[in-house]
Amino acid sequence: MRKLRVGVVGCGGIANAKHLPAMKRNGNFEIVAFCDLIEERAQKAKEKYGTEDARVYKDYEALIREDLEAVYVLTPNSSHAPISIAAMEAGKNVMCEKPMAKTYAEAKAMVETAERTGKVLTIGYQSRYRADSAYLKSACENGELGEIYYAKAHALRRRAVPTWGVFLDEEKQGGGPLIDIGTHALDLTLWMMDNYEPEMVTGSVYRKLAEQKDTGNAWGDWDPAVYTVEDSAFGFIRMKNGATIVLESSWALNTLDVREAQTTLCGTKAGADMADGLRINRVNHGRQCVEKPDLNAGGVAFYDGASANPEDVEQGIFYNAVVNGEPLTVKPRQAMVVTQILEAIYESGRTGKPVYFS
């Protein structure tokens, strides 16, 4: 298998925690260019993950002029669209970290650029590649749940506000927990339902706890002076086929019902949730029953069989899409609808009015 020459724009947390280690484990990536506004971060990433002659940049426009096949866009949300579009215009395929963009207009421009240039574009929704997600998706595709007409998308943290980087900066991120972790839960839910046609959204967006001190936060107290985003947000989504989705997201909420990147589905034949591992509930032979699949690959003495990490699966799918023309799992038009709905929740929360889609 040949090496895929890539450049990385953004060498911060998500690059070093997810993409760079996964590319290294894959072995089929040749990372030859690194870019970050803080040059020392790019240099450090190059030394750990790059080729010996890899170049370091502070300007992404210089990086995309390199002889590259793909560019990883791992920057704050506000720059996802301009960098991704510039890279595709320069003939590069793009892996963009979630969410796709800060606004629906930007996401739509990314989709249109990918379709016009013929470049591969995908978004980093790695929760689709978990073992429980893959199992549930197969069940949905096989029709085991029937028509899924009600669902919940869960992204609730009790006190886990990220206090580093630009997470608390509304201008750079576009929002807080809704756009950060709510995006994963909504993507997972829409994908399971295979339904990307929203009709109407209403939303409530709260900033109720951000001014508090002695917060008990998992990563230390936040600074209210720089906390310019919401601490929780909730959406009610009606789809054109009549299905309903409730989206709940928080970084700080006085609740014990903590769950993240999970979905609950209710269909005409069965339901499913991820509250205690994956559970599928149905009626069988006139009796209520719950199926709990064993998602561990163990059972052999010399093989404990943990499934591949979602981020490793993600890199393999992107590689095969670029090199071998294989289909993507996360398609750009699907990710665009996620951004469209998130933006509508923010708008509804701001105006107090529902948002309707044509």
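Reply: Begin with the cavity. Its lining draws its largest share, three residues, from helix 9. Keep in mind that this is a predicted model.

Me: How many cavities of 30 Å³ or more does a search of the whole structure find, and what volume does the largest have?

Reply: The search finds one cavity of 30 Å³ or more. The largest cavity has a volume of about 40 Å³.

Me: Which residues line the largest cavity, and which elements give two or more of them?

Reply: The lining consists of M95, T122, I123, Y129, E314, I317, F318, L328, T329 and V330. Strand 6 (121-123) and helix 9 (310-324) are the elements that give two or more residues. By class, the lining has seven nonpolar residues, two polar and one charged.

Me: How should I describe the second largest pocket?

Reply: Take volume, lining and class in turn. The volume is about 290 Å³. There are 17 lining residues, and E170, G174, G175, Y346 and R350 lie nearest the centre. Helix 10 gives the largest share of this lining, six residues. The classes are five nonpolar, five polar and seven charged.

Me: What holds the strands of a sheet together in general?

Reply: Strands of a sheet pair through backbone hydrogen bonds, either parallel or antiparallel. In this model, nine strands form an open sheet with mixed pairing, in the order 14-13-12-11-7-10-9-8-15. The edge strands are strand 14 (287-291) and strand 15 (355-356), each of which pairs on one side only.

Me: In which sense do strand 7 and strand 11 pair, and over how many bridges?

Reply: Strand 7 (residues 148-156) and strand 11 (residues 259-267) pair in the antiparallel sense, over eight bridges. As one example, I148 has G267 of strand 11 as its bridge partner.

Me: What links strand 11 to strand 12?

Reply: A hairpin joins strand 11 to strand 12 through two residues. The two strands run antiparallel and are joined by two bridges. L265 stands opposite A272 in strand 12.

Me: Which way do the residues of strand 12 point, and are they buried or exposed?

Reply: A270 and A272 point one way, G271 and D273 the other way, and all are buried.

Me: How does strand 12 connect with strand 13?

Reply: Strand 12 and strand 13 form a hairpin with five residues between them, and in the turn G277 has a positive phi of about 75 degrees. Four bridges join these antiparallel strands. D273 has R279 in strand 13 as its bridge partner.

Me: Which helices lie across strands of the sheet?

Reply: Helix 6 (residues 131-141) lies across strands 7, 11, 12 (270-273), 13 (279-284) and 14, at about 20 degrees to strand 11. Helix 10 (residues 332-351) lies across strands 8 (198-206), 9 (232-239), 10 (244-250) and 15, at about 55 degrees to strand 8. Helix 10 also gives six residues to the lining of the second largest pocket.

Terms used. Residues are numbered from 1 along each chain as its sequence is written. This is a predicted model: local features need pLDDT of at least 70, side-chain atom pairs count only at pLDDT 80 or more; totals for chains, interfaces and linings use all residues. Side-chain values use heavy atoms; hydrogens and water are left out. Two strands pair if DSSP finds at least two bridges between them. Contact means heavy atoms within 4.5 Å. Axes are lines fitted to C-alpha atoms, for helices over the stretch in contact, and angles run from 0 to 180 degrees between N-to-C directions. On a 1 Å grid over the protein atoms alone, a cavity is a set of points where a 1.4 Å probe fits but cannot get out, and a pocket is an open set with protein on both sides within 12 Å along at least five of seven lines; lining residues have an atom within 4 Å of a point. Grid points are joined across faces, edges and corners, and a volume is the space filled by probe spheres set on the points. Ala, Val, Leu, Ile, Met, Phe, Trp, Tyr, Cys and Pro count as nonpolar, Asp, Glu, Lys and Arg as charged, and the others, Gly among them, as polar. Buried means under 20% relative accessible area, exposed over 50%, partly exposed in between (1.4 Å probe, protein chains only).
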